[in-house]
Structure formats: structure tokens, C-alpha cells
Amino acid sequence: MINYWLEGLRIAFQPFNLLIMLVGVTSGIVVGALPGVTSSMGIILLLPFTYYMKPETALLMLTGMYCASMFGGSIAAILLRTPGTPSAAATSIDGYPLALQGKAGKAISAALIGSFFGGIASGVCMVFLAPLLARFALKFGPPEYFALAVFGLTIIASVSGKDLLRGLISGLVGLLLSLIGIDNITGSQRLTLGIDALANGFNFLPVMIGVFAVSEVLNRLEKKGERAQITASLGQLFLTWEEMKSLVLPIVVGIIIGTLIGVLPGTGGAIATFLAYNELRRWSKNKEKFGQGALEGVVVCETANNAVTGGAMVPTLSLGVPGDAVTAVMLGAFVLIGVRPGPLMFTQQANIVYSFFAGWFVIQFMMLAVGFVSIILAPNILKIRDEILMPIVLVLCIVGSFSLRNSVYDVGVALCFGVLGYLMRKAGFPMPPLVLGLILGPMAEQNLNRTLLIAKNDWTILFKRPISLTLLLAAFVSVTLSLIGAYRASKKEATRS
Amino acid sequence: MSRKGDLLSGLIVSITGLLFLLSTIGIKRPRIGLGSAGFPRLVTVCLIVCGVILALRALLSKRVVVKPSRIDTRFVLNLVGLVASFVLYLYLLKKLGFLITTAPLLFFAMYVFGYRKHFMNVVLSVITSLLIYYVFTVVFKVPLPRFSL
């Protein structure tokens, strides 16, 4: 074992490999920060460059891109309210208000620290707990996944802001959108309203670009002048000791939830960030701060986001089952560069596995260093005037949605959802529940369908299996606590007025 | 939101839900499992119920009606212009290619956003389009649409 580690460290610290990792990390941060360019796309775009490299070198470059893009997503989420990656959507809930308060630098610093610790902790988990957690994840069947989706949907209650009903409607709209097109179980068309273009459904990314980025551009058109306020206080980049201390709990929560969610195949960073955010907010003494610009909110999301990376690599490496959408792309990339993930990989390609493990930790430190440079550079985007920046963001949204499948249809989807998102914002409907609905809709439906097929329409199966029962109980408790919280808050407000 | 706004939102939500619910009428329910229509029906019914509650809440609300703020006609014109330019852009993108269509879109968008230095606007629009085109096609190897006869 020690020999494997020594060999892995030797490979990871080769100057060329260090340089390649640096390229991966830097491009990962840039890709993550660009609205509409996701980690998956970044990995795919980087793949042609790795064809002529050794498998372990190629693997390190792709891993650099994978980990750093998770942090990079927070930059756009905080500065522009346009999450660079889907898993950074929750970061914008508190990150953007912080930017509006002139604390953009602090928010990105906190996000970077959270990302670093999330990455390190999930790396430790990947190395030591991988076999154990992977075995546990194997016990999950359709009822457990359905229960997990239900638990995830209960988060709508806490990301709805002041009006639960509006949040619920927004979440239901997201669910409805995720169902349009061809049903995965029977293969038949539904909810297309006779429009042929809707048969393929909506791709998640263009919808995200639309509701978060394009609608923000339209919103900016109406509210000019906010950006000047942010630019005025860009100097606060470093956190105070008090602020650092307040990050400990969010980092711990983010690590636990992020790693656990990461290990479960079929989930991903977006679910982990919203879950972690919800849990921290629920147990926080300062609930009212969340959504208004809480540094803890940013940190918990980014920690969970990066903690997912190592967790998601557990089933990917040991079982060949991807942990989320990005690791699915990583899995494909592994195969393309000659690495065959699975139990045999640990014995037959030990050099690759251990250089990957060693490189993982080097990448986290590299991300910390490059990330701090990016903090100094990134807020400069805000110095560009709205009149120039917003049209450029718009064009990046167009390119981002186009390059997903080289389809003008996706650009149209992004722009249509931009207008819809703008109108929904104007009517007071929050956007995060819509995204949750979009993410969890297919997972909930497909697994409920499978559950009923297996159990021959016997719904009680959901309560007979211990893991699904526990998850459903957790969902019930989550909703109840949120409702009690909302009731208390409205009572307090009524007493005040 | 004003009561009128809530009422309108509630009605739109309910009608949308109803429209999608009606579209599932022809789908048969299988003997086992939810089928194609089971989950959509559940979601649309919930949507209709929530829309009705929102509308009813607005009707029964005792809130003091706040006089709606004056509609900024300039903003509305800008918004309509920007959306129209999107539509035209989408129509021309495949035909004329990324470079020829994006620079005018950028110019127009900057103008709509209030950037009135026309010479700089032209320079910025062209340079930005070229830069984005270069980065995506050459660096990232994304084949953006090109003009061809």
C-alpha cells in the first residue's frame, strides 16, 4: 500500500504533471465562472487535448478541471447572480445579496475556503471510506431514490423566501417542465400540447441559463445603477477572524451532506447544495439572515458542492457507476483515455489510482492558490459598466446554450425561459424552487414508477423498507419544521406591524 | 405584489395547469405503475389547486391596495426591442452565422442598455464577437454557426 502511495506521489509531483494540473485548475475556474459553460462541457472540451498524454497525466488534468470548475461556478453566481454551474445555483441565494452589499470579495473568499475544505475532506472520504460507502449506496433501490427525491423536494419550503405558496407554485412549474417530452418508461410523448418542438423536452442547462442569466439581464435593463454600488466596495477580500470562526459549522455541515450525497449514484452537486443550505438554515439561530446575504449560506453551498466531487468519485472509481452527471462525463473520459474504472482498477491499474489520489490533494491546494488570484481578478468584471457587461453576458448565454448540442433550439429555449423567468420574478415567484423541481422531477417520477412496477402497485413498499421510510420521515419532519418556522415568522411580523 | 397582480398570477397558473392536465386525457392508465400520465396529472392538479388558492387569497385579502407604480414606457419599449432582436437573431443565426449576427445584436443590446458612445459601441461589439468566436471555435473547438453561400 505504502509503495503504491509513494509511486502515486512521485507521478503527481512530476513537473509536467504539476503544470498540466495547473492548466486543468486554471481552465476549470474560468470554465466554471463562464455562465453557461458547465463542468461537463469543460471536461468534454478538454478531452481532445488529453489524447496524446499518458493516462495518469490526462486523468490529473481532467480532475483539475472537475474540481476547480465547482469553485469557479461560485464566482459568476456571486458576482452576476448567474450560476456558472447548476450546483452553484444555491450559492447565488446568499452570494448575490452579499455582492449587492459590497462584500463580493469576501463572499468569493469564503466560497474558496469552503471549496478547499470540501475538496480535501471528500478526498479523504474517497481514499478511506470509499468501499464502505459504496457498499451502502448499493442498497438503494427505486423506493429509496424516490424517497430521496421527496426529501429533496421538501427543501422548496425553505428556499421559497417569505411566500411558501409562490415557492410551491414555482417548484411545481419546475416539475411540470421536467416532465414535458418523451416519457422514459413508456417512450410516449406527453404534455407537448401538439407542438413538435416540445417532443424533445427541455434540456436542463438552457432552462437554467434562461431563468437565472437571461432573466437577470432583463432585470438589469429595468434596474440600472445597482452595479455601481457593488463596485464602490470591492476592497474587502479577506475575512475577519470572527467571520472565519463562523464558517466552521457550515463547512462541517457541507462536508457531511456533500460527501454523503456525492456517494449516492444519480444525485449530484445541485441536490447537495440545496440540502446542505436547507439544513444549515433550519438549525441556524439567525434564520432571517439566510437569503439576505449570509456568509454561512455561501460557505455551506460551496463546501457541499466540492465535497460532492470526492464522494461522487467513490462509486465511479470502485464500481464504474457515476455519482452524478459530471462524473458520468468523467467516466466516459476515463474510458477514452484508457482508464477502466471498476473494482479491478485498484489492482490492475494501481499506479493510475494512487497518482489520482495523490493528485487530488495537490489539486485542492492548487485551487486554493489560483483561486485567491482569481478573487483579486474576478471582481474587476464588476468594474465594467452594465451597458457593456450585460449584452456580453447575453451573448455568452447564447453561446453557452448553443454549444451544449450545437442547437439553435436550445438558444431559443434559453431566451424564452429568460422572459418567463423575468415575468416570474416580477410576479414575486422565487427561482430556486423551479430549479429544484427541474432537477428532482425526473428522479421522483422514474423511481416512483419503477417502485410501483416492482411492487405491483403496492404503495406500502415505500414504508416497509427502512432506508426509504427513514428518508420519508425526514421529509415529513423537514416540511413540518419549515411550516412551523413560517408560521412563527408570520406571527412575529404581524405582532411587529 | 398587488391584489390584482396576485389574482392574475393565480388565474394564469390555474389555466396553465388545466391546459396541461387536459392534454393528458388521451393517455391510458396502465394496469401496473403510474404510466405516462400519472405523475403529470398529480403535478398539474397541484398546480391548479395552488393557482386557485393564490387567486382566492388575493380576492379575500384585506390588504390596503397600493397604487401601482407608473409603468416606465421607455423600459417597456427597450424590453420589447430586446426581445424582438432575440427573435430576429435566432432566425438569422443559422443563415448568416455567428459573427455577422452577433456584432449587430451586441451593438443593439448595448444601445438599449443606454450606451450612447456609438463609435466605441461598434468597436466593442466587433471585438467582443471576434474574441468570443475565437475562444469558442479555436480554443474550445465548439463549431459556432458560420456564414456560407
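A salt bridge is taken here as a side-chain nitrogen of Lys or Arg within 4 Å of a carboxyl oxygen of Asp or Glu. In the predicted model described below, Arg166(A) forms such a salt bridge with Asp6(B), and the closest N and O atoms of the two residues are 2.1 Å apart. The count of salt bridges between chain A and chain B is 1. Polar contacts also link the two chains, with a count of 7 residue pairs in which both residues have pLDDT 80 or more.

On the side of chain A that touches chain B, at least two residues are supplied by each of α3 (39-50), α9 (164-179), β2 (189-190), α10 (204-222), α19 (386-405), α20 (408-426) and α21 (432-454). Of the elements of chain A, α19(A) gives the most to this side, with 13 residues. In total, the contact draws 65 residues from chain A and 57 residues from chain B. The size of an interface is often expressed as the accessible area lost when the parts come together. For chain A and chain B, about 5300 Å² is buried between them, and 82% of this area lies on carbon and sulfur atoms.

Chain A as a whole contains 23 helices and 2 strands. Of its 497 residues, 64% count as buried. When contacts in chain A between residues at least 6 apart in sequence are considered, 79% join residues at least 24 apart. The accessible surface of chain A amounts to about 18300 Å², with 68% of it belonging to carbon and sulfur atoms.

Helix α9 of chain A also holds Ser178(A). Ser178(A) has a relative accessible area of 18% and is therefore buried, the limit for this class being under 20%. A polar atom of the Ser178(A) side chain lies 2.6 Å from the backbone oxygen of Leu175(A). Apart from neighbours within four places in sequence, Ser178(A) is in contact with Gly437(A), Leu438(A), Gly441(A) and Pro442(A).

A nonpolar patch on the surface is formed by Trp283(A), Phe476(A), Val477(A), Leu481(A) and Ile484(A), which together have about 530 Å² of accessible area. Helix α23 (residues 466-496) of chain A gives the most to this patch, with 4 residues. Trp283(A), by contrast, is found in helix α14 (residues 269-283) of chain A. Because its relative accessibility is 64%, Trp283(A) counts as exposed, a class that requires over 50%.

Terms used
Residues are numbered from 1 along each chain as its sequence is written. Chains are lettered from A and ligands numbered from 1 in the order in which they are written. This is a predicted model: local features need pLDDT of at least 70, side-chain atom pairs count only at pLDDT 80 or more; totals for chains, interfaces and linings use all residues. Side-chain values use heavy atoms; hydrogens and water are left out. Buried means under 20% relative accessible area, exposed over 50%, partly exposed in between (1.4 Å probe, protein chains only). Contact means heavy atoms within 4.5 Å. Accessible areas come from the Shrake-Rupley method with a 1.4 Å probe; for residues, only the protein chains shown count as cover. Patches are made of residues with over 30% relative accessible area and no salt bridge: like charges are joined within 9 Å, nonpolar side chains (Val, Leu, Ile, Met, Phe, Trp, Tyr) within 5 Å. Buried area is the accessible area (1.4 Å probe) that two parts lose on being put together, summed over both. A polar contact is a pair of N or O atoms within 3.5 Å; within protein, one must be able to donate a hydrogen and the other to accept it, and residues adjacent in sequence count only if both atoms are side-chain atoms.
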